[in-house]
Amino acid sequence: MKKTETLNLFPSSTPSETPTGAATKRMGRSENGGGSSDAETLWARCLEIIRDNVSEQVFKTWFEQIRPQSWDGSQLTVDLPSQFFYEWIEEHYASLLKKTVQKVLGAKARLQYQVVVDDSETEREQRTIKLPAFRKQMQQPLPFDAVASNQPEPSPTAHYPTYFNPRYTFENFIRGENNQLATSAAMAVADNPGKTRYNPLVIYGPTGLGKTHLVQAIGNRILQRNRNARVLYTNSEKFTMEYINAIQTNRLPEFTNFYRTVDVLVVDDIQFLGGKERTQDMFFHTFNALHQAGKQVVLTSDKQPKDLADVDERLISRFQWGLTADIQPPDFETRMAILQQKAMEEGVDIPGDIMEYIARHVTSSVREIEGCLISLLAKVTLDNRELTLDLAKDVVRTVSNSNASRLLTIDDIKQEVSTYYEQPVELLSAKTRKHEVVLARQMCMYLAKQMTQMSLKSIGLHFGGRDHTTVLHSCQQIMNYIDTDAKIRGDVEYLKKALRS
Ligand code: ADP
Ligand code: MG
């Protein structure tokens, strides 16, 4: 049986829009013509572009696995082998895919992902790569199914659902002062899992600095040396979902046993255990069982164990039994080395001054550095732009801005504006037409439109269900003030700056 889960990568902003004719014209077909053979032809053309933009390794690992399914004149549907695969693609290659698809299929074309879950007996091997999906967890098998359904005790030859991504290795991880201790400890653990004093190994630090990369590298190295090692990668949210699912489906004993049979358990982002008392309890017992049996536990967190909010003290004290190592933002030299490494992985040569510009200006996270590089390469290859310092400056500006606006929520904006104008937040959504409140409300709407990806409609909903035309009017009103009123122009400048920092 083939189950599919449909996930939209980049739906067009207004669903009713008719698709552009670009792709269909090029194909010489009517809009609803097409099917799987069209899908194959179109996807093959996408692959040609993608191949030029990623390394051979990346291409083989990710893009060759994608199967085109159908093309309906505006939407190309492709099958992906697993939820993990989907998340990976979305996190790392969404922008490349988007550009490529729009180039081949037209500006308004959509790409639709389906995650294929194959349940047939004959394809048992394939089952080991399934992931419990967040969105449809009730219908999805639990990770231990792959093992448990075969035999009560996983035999050494049973395929273990490990979820390690071969892309993350020690070899392609740049060592710098910022991650020295964490990297050494991770390597030591990979060489001797469960046998070092680093048990548990806790790696902590802000987002985008390589925590996941390092702990995945541990798993990959262990598996490289012993293909049958029972190494499991999960994160605290998945662990929670699976636990809830196990309770709901009366499979708690299987869940418990499964986690206790691993040799190495890697749990990413344990900060999300905060406030989940029963999950923490379950995790506490799992941890004890593994630790007592001399099995390795590796954890990551965005803060030190002692600072974890709403996590039981006894769990925190266990987290401190082994080694806690931090990762800091990389310094300039490390950022340069990372850029060189990433450029090499992508198989491109980037002039020194451009590298240096990026390394000097993108400082907060490695993920952002990568983002700049990818978007620079996309511009060069897909838009046929010349690789110049000016282009790099452009890209750095956009990437930094879009990151700032992505993080911003409408609540941040309401909070900032209401403090600034000294108006209670509740009034922003109320019916009052008092001048000061109206101005604060209009300012919020304007800033939300400018600084977030929200539509006029959804902005309106956040202000007591106001109509999108009201939001539009508010934005225009503030823009008029900006032209004519120095005080309000100053307000806008101040608020934007405050919201960005
Ligand atoms: P975190 O889990 O800390 O949020 P990730 O491990 O997901 O961060 O890292 C984000 C991206 O940056 C990944 O693609 C990773 O490969 C890359 N990265 C981070 N640090 C390094 C490094 N020192 N060398 C090479 N790549 C790195
Ligand atoms: Mg991570």
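This report describes a predicted model, covering its sheet, its hairpin, its ligand site and several individual residues.

## Basis of the description

In this predicted model, local features need pLDDT of at least 70 and side-chain atom pairs count only at pLDDT 80 or more, while totals for chains, interfaces and linings use all residues. Residues are numbered from 1 along each chain as its sequence is written, chains are lettered from A and ligands numbered from 1 in the order in which they are written, and side-chain values use heavy atoms, with hydrogens and water left out.

## The parallel sheet

Five strands form an open sheet in the order 6-7-8-5-9, with parallel pairing. Helices (H or I, at least four residues) and strands (E, at least two) are DSSP runs, numbered from the N terminus, and two strands pair if DSSP finds at least two bridges between them. The edges are strand 6 (231-235) and strand 9 (323-326), each of which pairs on one side only. From one strand to the next, the twist averages 15°; axes are lines fitted to C-alpha atoms, for helices over the stretch in contact, and angles run from 0 to 180 degrees between N-to-C directions.

Within this sheet, four bridges join strand 7 (residues 264-268) to strand 8 (residues 296-301) in the parallel sense. Leu 265 has Val 297 of strand 8 as its bridge partner. Helix 8 (residues 211-225) packs on the sheet and touches strand 5 (201-204), strand 6, strand 7 and strand 8, where contact means heavy atoms within 4.5 Å. The direction of helix 8 makes about 160° with that of strand 6. Helix 9 (residues 236-248) also packs on the sheet, touching strand 6 and strand 7, and its direction makes about 95° with that of strand 6.

## The antiparallel hairpin

Strand 2 (residues 67-71) and strand 3 (residues 75-80) pair in the antiparallel sense over four bridges. Arg 67 has Asp 79 in strand 3 as its bridge partner. Three residues separate the two strands of this hairpin, and Gly 73 in the turn has a positive phi of about 100°.

## The ligand site

Around ligand 1 there are 19 residues, of which Ile 174, Gly 208, Thr 212, His 213 and Glu 370 come nearest; a residue is near a molecule or strand if one of its heavy atoms lies within 4 Å of it. Helix 8, helix 13 (332-346) and helix 15 (366-382) each supply at least two residues of the shell.

A nitrogen atom of ligand 1 lies 2.8 Å from a backbone N or O atom of Ile 174. An oxygen atom of ligand 1 is 2.6 Å from a polar backbone atom of Gly 208, and an oxygen atom of the ligand is 2.7 Å from an N or O atom in the side chain of Glu 370. The protein covers 97% of the 560 Å² of accessible area that ligand 1 has on its own; accessible areas come from the Shrake-Rupley method with a 1.4 Å probe, and for residues only the protein chains shown count as cover.

Thr 183 lies in helix 7 (residues 180-191) and is buried, with a relative accessible area of 1%. Buried means under 20% relative accessible area, exposed over 50%, and partly exposed in between (1.4 Å probe, protein chains only). Apart from neighbours within four places in sequence, Thr 183 is in contact with Phe 173, Arg 175 and Leu 214. Its C-alpha atom is separated by 9.7 Å from that of Ile 218, 35 residues apart along the chain.

Asn 178, in the loop between helix 6 (145-148) and helix 7, counts as buried at 10% relative accessibility. A polar atom of the Asn 178 side chain lies 3.0 Å from the backbone oxygen of Gln 328. With neighbours within four places in sequence left aside, the contacts of Asn 178 include Asp 326, Ile 327, Pro 329 and Thr 334.

## Backbone features in loops

A cis peptide bond, with omega about 5°, joins Asn 199 and Pro 200. Pro 200 is placed in the loop between helix 7 and strand 5.

Asp 269, a residue other than glycine, has a positive phi near 55°. Asp 269 is in the loop between strand 7 and helix 11 (277-292) and counts as partly exposed at 22% relative accessibility. Asn 384 has a positive phi near 55° and lies in the loop between helix 15 and helix 16 (389-407); at 64% relative accessibility, Asn 384 counts as exposed.

Definitions and conventions:
Polar contact = N/O pair within 3.5 Å; in protein donor to acceptor, adjacent residues only side chain to side chain.
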